[in-house]
Amino acid sequence: MRVTPLTPTVTVQQRSSRKFYLNTYTTKREVLDSVRGLRHKGGRPLNTGAALRYLRDNVFTASAGSRRPEGVPQLGVLTIAIGTRGSDSTELQTITGEPSYALSVSELTDLPKVQQQVESSVEAAVIEVTPELPTVIVSRDRKDIVFLLDGSDGTRNGFPAMRDFVERVVEKLNVGENKDHVSVVQYSREPEVQFYLNTYTTGEDVVDSVRGLRHRGGRPLNTGAALQYVRDNVFTNSSGSRRLQGVPQILILLTGGRSFDNVDSPASALKQQGIYVIGIGTRTSDARELQKISYEPSYALPVSEFTDLPSVQEKLSSVMSTVIVRATPMTPTVTVVRQPAGKDVVFLLDGSDATRSGFPAMRDFVQKQVETLSVDDGKDRVSVVQYSSDPAVEFYLNTYTTKREVLDSVRGLRHKGGRPLNTGAALRYLRDNVFTASAGSRRPEGVPQVLILITGGRSFDSIDEPASALKQLGVLTIAIGTRGSDSTELQTITGEPSYALSVSELTDLPKVQQQVESSVEAAVIEVTPELPTVIVSRDRKDIVFLLDGSDGTRNGFPAMRDFVERVVEKLNVGENKDHVSVVQYSREPEVQFYLNTYTTGEDVVDSVRGLRHRGGRPLNTGAALQYVRDNVFTNSSGSRRLQGVPQILILLTGGRSFDNVDSPASALKQQGIYVIGIGTRTSDARELQKISYEPSYALPVSEFTDLPSVQEKLSSVMSTVIVRATPMTPTVTVVRPPAGKDVVFLLDGSDTTRTGFPAMRDFVQKQVETLSVDDGKDRVSVVQYSSDPAVQFYLNTYTTKREVLDSVRGLRHKGGRPLNTGAALRYLRDNVFTASAGSRRPEGVPQVLILITGGRSFDSIDEPASALKQLGVLTIAIGTRGSDPRELQTITGEPSHAVSVSDFTDLPNVQEQLSSVMSTVLMRVTPLSPTVTVVRQPAGKDVVFLLDASDATRTGFPAMRDFVQKQVETLSVDDGKDRVSVVQYSSDPAVQFYLNTYTTKREVLDSVRGLRHKGGRPLNTGAALRYLRDNVFTASSGSRRPEGVPQVLILITGGRSFDSIDEPASALKQLGVLTIAIGTRGSDPRELETITGEPSHAVSVSDFTDLPNVQEQLSSVMSTVLMRVTPLTPTVTGKNMSHLQIPVSW
């Protein structure tokens, strides 16, 4: 064979060890010299599959000298395989695809015997070349360049030199709208985007941002994860990549160490996507790894230290100037109306230190499962992920298209190792990175999604939220655990006890092979299809601004306010046009105005100009996001989501959230709300990306004063929004006149009203005497307040006028300061004007509030007053000369309803005026969903026990456990009437089992007996209540609330909550959950009453050992409860409406 640049080229490869490429040598002498110098590599096992794959990705490529695109026959497309008697002849024939090309010799010393045969085969090689996608020669004046910078602990000293290098490279580029685009990503344990390809359009902006880069820090260095991340999140259309337009895609990696995770699969994926990777590493990095990552070995540029980076500047420019992109044309979207063809199956394998000896058995099990699947015909797809402290993808659902490729890869799996075992993180990773269209999942097409988890231990982190998220995604999970696993945990992960399988050891996996196969085979996933994309008119949007009003933004707040004003001025605000709302938050949110408060741009701008910084800490962004979802993006607050109007939330924040944002952010996305997050350098960029509808919607600024720089980008995002409309529930109109009135008296009980309080009390007494209480028409409640409110009695506490009058006569002055009228009004909305507290608002009964106050409020009354108006409450405010008349008018919303007296002793003078107002009131009721008439006895109860498992209850926990056991023994579980769930909590909640986990009393009792104290601090009762609403009192977790089955929560706690319980407690009440709270002397009785909404449902014991003393009381409450079920279905509209309530007996 004669070797010249114009004739055949040669490469020699030992398995997994490159010797030279097709373009390394151009003369026969050089090739022969190199071959003579070959040394045996050694090593085991023999991974022929991996070697063949490597050839495909790294040797039979243009960059390595292959001329396949030019039609030159390739050794390796035509494969000739020679094996000894130790080889597998069937395997060799499979590799060659042609039996005559699979040659056998007895020993390797017999190779000369087949020399002639090989030569003739090579000589006659006529390859049917399958051409690659056409090479698109693109204009050299446009490139997309992403810098991926090692920001781990090991590069702290070298980071300034990295930053300078990037700056110098950028200065030589021609950055512009239709020219070069630049992005920078920093990474250590995980990646963080500094800015995207479409963030800046001028070189000056890019350079300014680069100069402001700060070293991230962290460990270990996960280069593989970072490469995968930039492929999936940065080199994308939404993040500004122009790959589909034929613009060259270049990734410049600067690293100072060896990757802790595997880089092979992500590096290969980048090459397949046509991304040119240039790897620059210092002497502490791994040269072989860098060559693997780089598009071709010559693109791996070594330097001694980061300070030597200028030495490769010219080489880098040379490489970048010669790049030609191979454009992958976009596949058209095809709508196919058919049954899904197969299944997408993901194996998640515990690769922690504890499973080292059992890993071969796991591998064999996966192999046998794969053999039963239909991969070759495209029906089934397979992915394998290993995990310990973090997950590592072995291959994705779209990596292989034949069963042989999958099996070869499975056979080559090596144990990952590591600890602790973070199953929760692995499940979350699957949801975000594997069960996705980009990773090959066909979920949007209705193809069943199956996860098979094999684990040998208990998870170190929480699995509740990620397991719930997979269920919501429609993934069928089968979990197989050994005796070292936690069976309750496995059942929580699967959500179905029959899908949680146990074996003694991993070597016993074959025993459940058949069971798994039948479960997978029968998997008929009820796929919740994505809502259809509705193209809506661009002339209407609902836009909510959520402003960080915490202590940390005091100086920047004026700039925020100005920014909102400028954005609003560009909108077309009107009745049937754009609607705007503003919410401020710190520890808790406060609505400044709702979407239906103003109908003109002038009114909105005036209100925005009047915004005052709220202050407060900590910054609870998660709670604020949940609040706007539940209270602002609602029909009653003016949201037109159900009419197909795009819903946009613009978050402006200057700090990292103190609470968790994952669940609320996910909930907003699921509701089709487009979140745009704008944060300063003191906020958390990754958190902002999580919150935003997609990463490119997270817009960074240095300071709030720089907000004008993102104005144009914001407008661009808003103009392209397409809403996924949630179809509207049917509306039911019920008309009949209301029976009477619900009247609440709110009395100023602060220190300044001590002398006037008897006159107040007498005034209330006289008003009550005019009402029709005895015949059930009118209901009365009295609340006293100063710094905080105290309910004297609720609307449903008394049913006769005598009882009401007796209670009023016995009122004692509360005392206290300051006077927080705003907090009191908010409390009434959440705890008094509610069905559970006796309000008949859903039935159309007028709601009246009579406020009597002697001073100006210390806190803001604007938002709570507005909220009461929207609730349809008629407010009459009576104030003395110490009050603020304007404040009273704001509270009432109607000047004639704000009445003044000189002193409380003059209250009789306004008695007649008050009666006149009340008698003529026509209330416009905006009702909630009606109480549904259910003509049947409900089957039983859904009972959830929420147990305080914080550090403070360690000694009392056995008594709690015994108490729960005794309660369960009284329930009817076996006949399917009652269902039980148990949740423990401290700083965060942990589900022990769901309402649909067990179907027999024995199973429930066994699980309760096995409860172990969770521990932890602080005690976040609010977070636990919120979690129950979102994750336990749901149909997917076994709740039968939509069917009218009573929902009961029994809380047992030994301390005061560290976080706020007001909003989550109110949310449970609105859901129709009856809450019974039992607290020890360490608890706060007022807090318990707020949680239950009914004083008689808040029970106190001295210690947990006294719980048996309230057993009978608890049974009595539960047996007499009349639950008003607010179902998920009809919404009622109309004036003065009502509906029948149904008594439900146990």
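I then followed the chain onward: it leaves strand 27, passes through helix 26 (residues 862–870) and reaches strand 28, a β-α-β crossover that is right-handed. A reminder to myself: this is a predicted model.

Strand 24 (residues 742–748) pairs with strand 27 in the parallel sense, over 6 bridges. Here I picked out Leu746, whose bridge partner in strand 27 is Leu851.

Is strand 27 mostly covered or mostly open? I looked at residues 847–853 and found 7 of 7 buried, so by the cut-off of under 20% relative accessible area the strand is mostly covered. In a regular strand the side chains alternate between the two faces of the sheet.

**Salt bridges**

I turned to charged side chains next, where the count comes to 58 salt bridges. The pair I opened was Arg211 and Glu167, whose side chains meet at 3.0 Å, N to O. This pair links distant parts of the chain: Arg211 sits in helix 6 (residues 203–211) and Glu167 in helix 5 (residues 159–171), 44 residues apart.

Arg211 has 47%, so I wrote it down as partly exposed.

Arg211 also forms a salt bridge with Asp208, with the closest N and O atoms 3.7 Å apart. I saw that Asp208 and Arg211 both lie in helix 6, 3 residues apart, which is about one turn of the helix. Asp208 is partly exposed, at a relative accessible area of 48%.

I then visited helix 18 (residues 601–609), where Asp606 and Arg609 both lie, 3 residues apart, about one turn of the helix. Their side chains meet in a salt bridge of 3.7 Å, N to O. Asp606 counts as partly exposed at 47% relative accessibility, and Arg609 counts as partly exposed at 47%.

My last entry is a network: salt bridges that share partners join Arg629, Asp630, Arg1026, Arg1029, Asp1030 and Glu1063 into one.

Methods:
Residues numbered from 1 in each chain as written. Predicted model: local features only at pLDDT ≥ 70, side-chain atom pairs only at ≥ 80, totals over all residues. Heavy atoms only, no water. Buried < 20%, exposed > 50% of the residue type's maximum accessible area, 1.4 Å probe, protein only. Helix = DSSP H or I, 4+ residues; strand = E, 2+ residues; numbered from the N terminus. Pairing = 2+ DSSP bridges. Right-handed = clockwise from strand over helix to strand, strands pointing away. Salt bridge = Lys/Arg side-chain N within 4 Å of Asp/Glu carboxyl O.
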